[in-house]
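Please read the numbered points with the model open.

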Amino acid sequence: MSDIIVAPEMRDLDELAVQLARWLSDKTGNVVSVSNLDYPRGAGQSHETILFDAEQDGRTQGYVVRIKPGSFTVFPDDLFAEQYQIMQAMHEGGHVRVARPCWFEDDPAVLGRPFFVMEKAVGRVPVSVPPYRDSGFVAEATPKQRRRM
């Protein structure tokens, strides 16, 4: 995987940890601490995407926050709320493996723009830098492996 951060925008991760901990504590009704915030490497150009861990009652869960694009957009219409709804339907239907979407927040007062939080899923991600069509596991896959993907 690439070591390059390709996020369209970046923010102060210490400040974001405080904001997310406050928001998650309100959402869950429990005290939540947030740590290990990081941008994914080589992926995440279409949205500001940040990986993090949340600890509650001695249990840690990995999450991802995806924040609606601001001034920089890859696509003409981001269909942000629809992305969350489609992920929710795919997860609930069980037909496609997708990270479990947990919460959608449309109030821009929380992080500056709407966002959603999903569980962090373990797996390989085709990256944009370098392009997955040129190198890496997708480019190197056999025709049979590509059909499965």
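**Notes on the model**

1. Glu119 is partly exposed, its relative accessible area being 22%. Partly exposed covers the range between buried, under 20% relative accessible area, and exposed, over 50% (1.4 Å probe, protein chains only). The side chain of Glu119 joins that of Arg100 in a salt bridge with an N to O distance of 2.8 Å. A salt bridge here is a side-chain nitrogen of Lys or Arg within 4 Å of a carboxyl oxygen of Asp or Glu. Glu119 belongs to strand 5, while Arg100 sits in the loop between helix 2 (80-93) and strand 4, 19 residues apart. Arg100 is partly exposed as well, at 34% relative accessible area.

2. On the basis of these values: the model is predicted, so local features need pLDDT of at least 70 and side-chain atom pairs count only at pLDDT 80 or more, whereas totals for chains, interfaces and linings use all residues. Residues are numbered from 1 along each chain as its sequence is written, and side-chain values use heavy atoms, with hydrogens and water left out.

3. The chain contains three helices and five strands. Read from the N terminus, their order is α-β-β-β-α-β-β-α. Helices (H or I, at least four residues) and strands (E, at least two) are DSSP runs, numbered from the N terminus.

4. Of the 149 residues in the chain, 34% are buried. The chain exposes about 9,300 Å², and carbon and sulfur atoms supply 50% of that area; accessible areas come from the Shrake-Rupley method with a 1.4 Å probe, and for residues only the protein chains shown count as cover. Among contacts with a separation of 6 or more, 52% are between residues 24 or more positions apart. A contact means heavy atoms within 4.5 Å.

5. How many salt bridges does the structure hold? There are three. Besides the one in point 1, Arg113 and Glu48 meet through their side chains at 3.4 Å, N to O. Arg113 and Glu48 are both buried.

6. Asp53 and Lys120 also form a salt bridge, with 3.5 Å between the closest N and O atoms. This pair links strand 2, which holds Asp53, to the loop between strand 5 and helix 3 (143-148), which holds Lys120, across 67 residues. Asp53 counts as buried at 17% relative accessibility, whereas Lys120 is partly exposed at 35%.

7. The whole structure has nine aromatic pairs. Rings of Phe, Tyr and Trp (its six-membered ring) pair if their centres lie within 6.5 Å; planes under 30 degrees apart are stacked, over 60 edge-to-face, and the rest tilted. Trp23 and Trp103 are edge-to-face, at 6.0 Å centre to centre and 90 degrees between the planes. Trp23 lies in helix 1 (residues 13-28) and Trp103 in strand 4 (residues 101-105), so parts 80 residues apart in sequence are tied together. Trp23 is buried, at 7% relative accessible area.

8. Trp103 pairs with Tyr63 too: the ring centres are 5.8 Å apart and the planes at 45 degrees, so this pair is tilted. Tyr63 is in strand 3 (residues 59-67), 40 residues from Trp103, and is buried at 10% relative accessible area. Trp23, Tyr63 and Trp103 form one aromatic cluster together with Phe52 and Phe115.
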